[in-house]
Amino acid sequence: MSYTIEGETGPWELVIGLEVHAQVSSEAKLFSGAATEFGAPPNSQVSFVDAGMPGMLPVINRECVAQAVRTGLGLKAKINPWSRFDRKNYFYADLPTGYQISQFAFPIVGEGKLTIELSDGTTKEIGITRLHLEQDAGKSLHDQDPSRTFVDLNRAGVALMEIVSEPDLRSPEEAGAYVTKLRQILRYLGTCDGNMEEGSLRADVNVSVRKAGEGFRTRCEVKNVNSIRFVMQAVEAEARRQIEVWESGGTVEQETRLFDTGRGVTRSMRSKEDAHDYRYFPDPDLPPLVLEPAWIEELKSGLSELPDDRRARYVGEYGLTAYDAHVLTLEKETAAYYEEVARGRDAKQAANWVMGDLFAALNRTRTDITTSPVSAKNLGALLDLMADNTLSGKLAKEVFEAMVETGRSPGEIVEERGLRQVTDTGAIEAVVDEVLAKNADKVAEFRSGKEKLFGFFVGQTMRAMQGKGNPALVNEVIKAKLAG
C-alpha cells in the first residue's frame with residue numbers, strides 16, 4: 001500500500017532521495033598523512049595540506065580509493081576505471097583552501113542498487129546514482145566564546161564517500177530502511193564505522209511532494225541529518241511544510257534547509273546552489289584516477305560476506321527461520337559471535353541462546369556484543385556441557401547467570417559450585433525411593449488413576465537433588481518405580 005499524506009486538497013505522494021556522506025575508514029586523510037582518530041584535541045591532526053598552506057600538494061590515499069571501490073562493489077554498482085577530481089569553490093571559515101576537492105563530472109562509482117526490507121515483510125530495490133570521493137571540511141565551534149567562533153581543522157581533509165540515491169523512496173519508513181541497510185553494508189564491508197553520533201555517517205535529505213500521476217515538483221534539501229530517526233522525522237516535517245505551501249497557493253522554492261530536532265520542523269538555511277555556483281574545474285594538482293582491472297578484481301575477491309548473503313546462508317546451511325537469520329545478521333559483530341557459538345554445535349540451539357539469554361543479559365548489563373561478559377567461546381562451552389549431560393537445561397541457566405556475573409568459563413563454575421548433573425542411575429533411584437516412601441498416600445492415588453501426580457514426584461525428586469538430577473533419567477526411574 002502506497003504512503004501518502006492527506007492535505008486539504010486530498011492525498012499527496014512523497015518523493016525522496018538521499019545523499020549519504022560516509023566517512024571512509026582509514027588511518028590517514030584523503031590527500032595527506034594526518035591522522036583521523038575521533039575525539040583528538042582540536043587542531044592536533046592537521047597537516048600543512050589540510051591547513052591550505054601555499055605550495056602544498058595533495059597526494060591521493062590509495063586505501064581510501066580501495067574503500068570506495070569495495071563499497072561500490074558491495075552496492076552492486078559500476079566501478080569506473082577512469083575518474084577525476086574537481087575543485088568545488090565556496091567560502092567557509094572552516095575550509096582553509098576556499099575550495100573542496102571532490103568528484104563532480106566523473107565519479108569513481110556509477111549506478112548501483114540496494115534492496116531494503118520494510119516492516120510488512122516486503123522488499124524494494126532502490127537505485128544508487130553514484131558514489132564519489134571528496135574531502136571533508138573542518139568544524140566551526142560557536143559555543144566556546146560569547147563573541148568569537150573557533151575553528152577545529154581535525155576533520156579538514158578527512159575522506160568522505162558521498163552515496164547518492166535515485167529519488168525512489170516514497171515514505172519516511174523507506175528512507176529510514178534505506179539508511180539502516182546502507183549503514184549495515186558499510187559496516188560489514190569495513191569501509192565506514194557508521195557511527196552517526198560521531199558524524200561518521202550523515203544524510204542530506206531531498207524531499208518533494210506531488211499529486212498522483214504528476215511529474216516531479218520542486219525539491220528542498222535538508223542538510224546534515226545525523227540519526228535514522230531524525231531522517232524519518234525530517235522527511236515527514238518537510239513534506240507537510242511543502243504541502244501547506246502548495247495548498248495555500250504558494251510555490252516551493254528550491255533551497256537548503258536544516259531540521260530543528262527540538263521543534264520537529266525544518267528551517268530555511270540558504271537558497272540551493274547549482275553546479276555553476278561552485279565554479280567546478282579539474283583539480284590541476286591531481287591527475288585522473290586510473291584503476292587497473294586486476295586490482296578491482298583483487299578487491300572484489302577479498303570482500304566480506306554481505307548481510308543478505310549471510311542471512312540466506314543461515315537459512316540454507318543452519319536451518320534457521322528467516323526471522324532468526326535477520327536478527328543475527330543485523331550487526332556483523334553479532335553474526336561473528338553467533339557463528340563461533342554455532343560451529344560444530346546445534347545451530348538452532350545456539351541461536352536461541354544468543355537471541356534469548358545472551359541478548360537479555362546484554363540489555364540488563366548495558367553492554368553490547370563486543371564487550372559481552374560471556375565470550376562466544378564460553379557460551380559454546382556451556383552448550384557442550386549440556387550436550388554431554390554434564391548440565392541440565394535448568395542448571396545451564398544457573399551457570400550462565402554466574403558467567404554473566406563473573407566472566408568465567410562454565411567449566412570453572414560447575415566444578416567450584418558442584419553443579420555437575422547427576423547421571424548415576426543408582427543415585428537417582430535412591431532419591432526416588434525416598435521420595436515415594438515419604439509420599440505413600442500420593443503413590444496410592446497415582447496408581448488409582450490420578451496420573452497428574454507424576455509431575456509432583458518429579459518435582460520432589462529434583463528438589464531433593466538440588467536440581468542436579470538428569471531430567472530424562474529422573475522421569476524414567478520414577479515411571480519404572482510407579483509401575484512396579
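**Figure 1. Helices α1 and α2 make a right-handed crossing.** A crossing is termed right-handed if the near helix is turned clockwise from the far one by less than a right angle, and left-handed if it is turned anticlockwise. The model is predicted: local features require pLDDT of at least 70 and side-chain atom pairs pLDDT 80 or more, whereas totals for chains, interfaces and linings use all residues. Residues are numbered from 1 along each chain as its sequence is written, and side-chain values use heavy atoms, with hydrogens and water left out. Helices (H or I, at least four residues) and strands (E, at least two) are DSSP runs numbered from the N terminus. The axes of α1 (residues 62-74) and α2 (residues 172-189) come within 10 Å and cross at roughly 125 degrees; axes are lines fitted to C-alpha atoms, for helices over the stretch in contact, and angles run from 0 to 180 degrees between N-to-C directions. The two helices are therefore oblique, given that angles under 35 degrees count as roughly parallel, over 145 as roughly antiparallel, 65 to 115 as roughly perpendicular and the rest as oblique. Arg-70, Thr-71 and Gly-74 of α1 are in contact with Ile-185, Leu-186 and Leu-189 of α2, where contact means heavy atoms within 4.5 Å. This set comprises three nonpolar, two polar and one charged residues; Ala, Val, Leu, Ile, Met, Phe, Trp, Tyr, Cys and Pro count as nonpolar, Asp, Glu, Lys and Arg as charged, and the others, Gly among them, as polar.

**Figure 2. Helix α8 packs against helix α9 in a right-handed crossing.** The axes of α8 (residues 347-365) and α9 (residues 376-387) come within 11 Å, at a crossing angle of roughly 125 degrees. The pair is therefore oblique. From α8, Gln-349, Ala-350, Trp-353 and Val-354 meet Leu-379, Leu-382, Leu-383 and Met-386 of α9. Seven of these residues are nonpolar, one is polar and none is charged.

**Figure 3. Helix α9 also passes helix α10 in a right-handed crossing.** Between α9 and α10 (residues 393-406), the axes come within 10 Å and cross at roughly 160 degrees. The helices are therefore roughly antiparallel. Asn-378, Leu-379, Leu-382 and Met-386 of α9 meet Gly-393, Ala-396, Val-399, Phe-400 and Met-403 of α10. The contact holds seven nonpolar and two polar residues, with no charged ones.

Figure 4. The chain has 15 helices and 16 strands. Its C-alpha atoms fill a box of roughly 95 × 55 × 55 Å along the principal axes.
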